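Welcome! Let us walk through this structure together, one piece at a time.

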Amino acid sequence: MGKPSANLKELLQQGYRYAMSITHNKSRAEDLLQDAWVAIMRADGPHNKNYLFSSIRSHYINQNKRDRLVPIVPLENEVEDLRDDLFFDIDNEILEQALAALRPVERETLFLSAVEGYTAQEIADFTKQPRGTILSLIHRAQKKVRQYFKGEFKEVKP
Amino acid sequence: MNDKRLNGHIKNYYQDKELASDKLEQLLSLSNSTDDHDSDTTTNKSPENYFHKNYFHKNNATNKKTASLTQYLVRHKFSIAASACLFVLITLLATPVNLYINKNFSNKELAILVSEEIALNHNKQLSIEFSAKSFAELRKEMTKLDFTPISSARFKNAGLNFLGARYCSIQGQLAAQIKLVDKNGIIQTLYQTQLNDKLQSLPEKNYVVDGVRIKQWQENGLFFGLATAAE
């Protein structure tokens with residue numbers, strides 16, 4: 001009996017990681033991947049990363065109409081940082097929390113850039129956003145994550 | 001930390017995320033009939049070669065049955081999901097609320113559940129039911145609450161203004177969601193409910209869920225949750 005191609009397994013794992021980057025939730029990522037994969041099966045392919053990622057993205061947008069993965073132009077004014085009176089425990093989940101704090105579109109963009117190695121133009125073409133917007137998203141997401149890492153070295157209040 | 005190092009951390013984080021093997025097999029079973037394909041596939045191992053148009057029409061009895069069941073499940077996924085939701089709802093309604101709340105959750109798990117509830121309520125942005133402009137007015141309007149909504153000593157110099165309130169629930173208990181706005185125009189939602197044994201055991205802590213920053217604490221016999229956008 002033949003075994004499923006290692007390529008297929010890896011394709012599904014890549015799809016799962018991409019779904020995790022958007023949802024930051026294991027169960028939702030699993031459901032999203034399943035919906036996307038079933039849709040691809042019914043359409044009889046193609047079975048490649050670009051199509052799988054597109055399918056995942058489309059399903060997410062359809063299921064979460066409130067959040068269309070559209071970046072919101074940030075306010076020009078400095079917003080009061082409530083974290084002046086908030087504090088985070090220092091533990092191994094600091095990155096988990098940092099990523100949880102990002103918007104889905106920021107996590108997605110950071111994932112496509114840092115993990116998949118896509119250029120800003122490639123991400124722009126995939127998400128149908130301007131290249132400048134993608135660069136801003138990456139920069140903002142990295143900045144937020146760095147802030148959490150910096151917070152790791154602050155004295156923890158009891 | 002430079003970009004390269006940061007991206008390295010993020011890459012490692014996501015590459016550690018793996019779909020469970022049982023779920024992977026479930027997905028592969030939707031497409032896999034390699035015992036039928038092997039005899040006529042080429043040595044090209046690309047995913048495209050594992051699927052061809054006659055997959056669901058093969059004469060293999062097992063595959064036909066699996067395909068039929070799969071097709072049935074996919075076609076009827078909404079009614080199956082609705083039935084499952086109805087079953088869960090009936091079970092929950094038939095179960096005393098405290099049993100549900102006390103169902104083997106650690107404090108950390110419960111705190112995260114509560115945070116998820118609060119984040120969901122915050123993000124829903126539902127309309128207010130009461131246009132009270134102060135806690136004094138709120139106490140007169142929200143008559144269904146089994147507690148007295150109060151301000152927190154932490155808000156003394158916070159410059160928060162009332163926008164209104166509505167009923168909501170936290171872990172099955174009736175709660176108040178109070179919509180506030182700070183001096184920068186940022187909306188915050190404050191949640192209050194009666195303390196019970198489980199909520200009382202939760203530590204004062206901060207969480208970030210679904211892009212919402214949530215602070216949980218207890219004050220004057222009530223559970224407090226304060227939510228605002230994380231950015």
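At what angle do helix α1 (residues 6-23) and helix α3 (residues 49-63) of chain A pack, and how many Å apart are their axes? Keep in mind as you look that this is a predicted model. The two helices meet at an angle of about 35 degrees, and their axes lie 10 Å apart. Follow α1(A) past α3(A) and you will see a right-handed crossing.

Now look at the residues that bring these helices together. From α1(A) come A:L11, A:Q14, A:G15, A:Y18, A:A19, A:I22 and A:T23, and they meet A:K49, A:L52, A:F53, A:I56, A:R57 and A:Y60 of α3(A). Sorted by class, this contact of α1(A) with α3(A) is made of 8 nonpolar, 3 polar and 2 charged residues.

Staying in chain A, move along to helix α6, which spans residues 120-127. Here A:A120, A:I123, A:A124, A:F126 and A:T127 are buried. These residues lie on the same side of α6(A), because they cover an arc of only 165 degrees around the axis. Just after α6(A) comes A:K128, whose phi is positive, at about 60 degrees.

Next, turn to chain B. This chain holds 9 helices and 6 strands. Of its 231 residues, 40% are buried. Among the contacts in chain B with a separation of 6 or more, 54% join residues 24 or more positions apart.

In chain B, 6 strands build an open sheet with antiparallel pairing, and their order is β1-β2-β3-β6-β5-β4. Strands β1 (161-170) and β4 (205-209) of chain B stand at the edges with a single partner strand each, so one side of each has no neighbour in the sheet. From one strand to the next, the twist averages 20 degrees.

Look now at one pair within this sheet. Strand β3 (residues 187-194) and strand β6 (residues 222-229) of chain B run antiparallel and are paired over 7 bridges. Across this pairing, B:Q192 stands opposite B:F224 in β6(B).

What packs on the sheet? Helix α7 (residues 107-124) of chain B does, touching β1, β2 (173-181), β3, β4, β5 (212-219) and β6 of chain B. The direction of α7 makes about 120 degrees with that of β5(B).

Notes: Residues are numbered from 1 along each chain as its sequence is written. Chains are lettered from A and ligands numbered from 1 in the order in which they are written. This is a predicted model: local features need pLDDT of at least 70, side-chain atom pairs count only at pLDDT 80 or more; totals for chains, interfaces and linings use all residues. Side-chain values use heavy atoms; hydrogens and water are left out. Buried means under 20% relative accessible area, exposed over 50%, partly exposed in between (1.4 Å probe, protein chains only). Helices (H or I, at least four residues) and strands (E, at least two) are DSSP runs, numbered from the N terminus. The arc is that of the directions from the helix axis to the C-beta atoms. Axes are lines fitted to C-alpha atoms, for helices over the stretch in contact, and angles run from 0 to 180 degrees between N-to-C directions. A crossing is left-handed if the near helix is turned anticlockwise from the far one by less than a right angle, and right-handed if clockwise. Contact means heavy atoms within 4.5 Å. Ala, Val, Leu, Ile, Met, Phe, Trp, Tyr, Cys and Pro count as nonpolar, Asp, Glu, Lys and Arg as charged, and the others, Gly among them, as polar. Two strands pair if DSSP finds at least two bridges between them.
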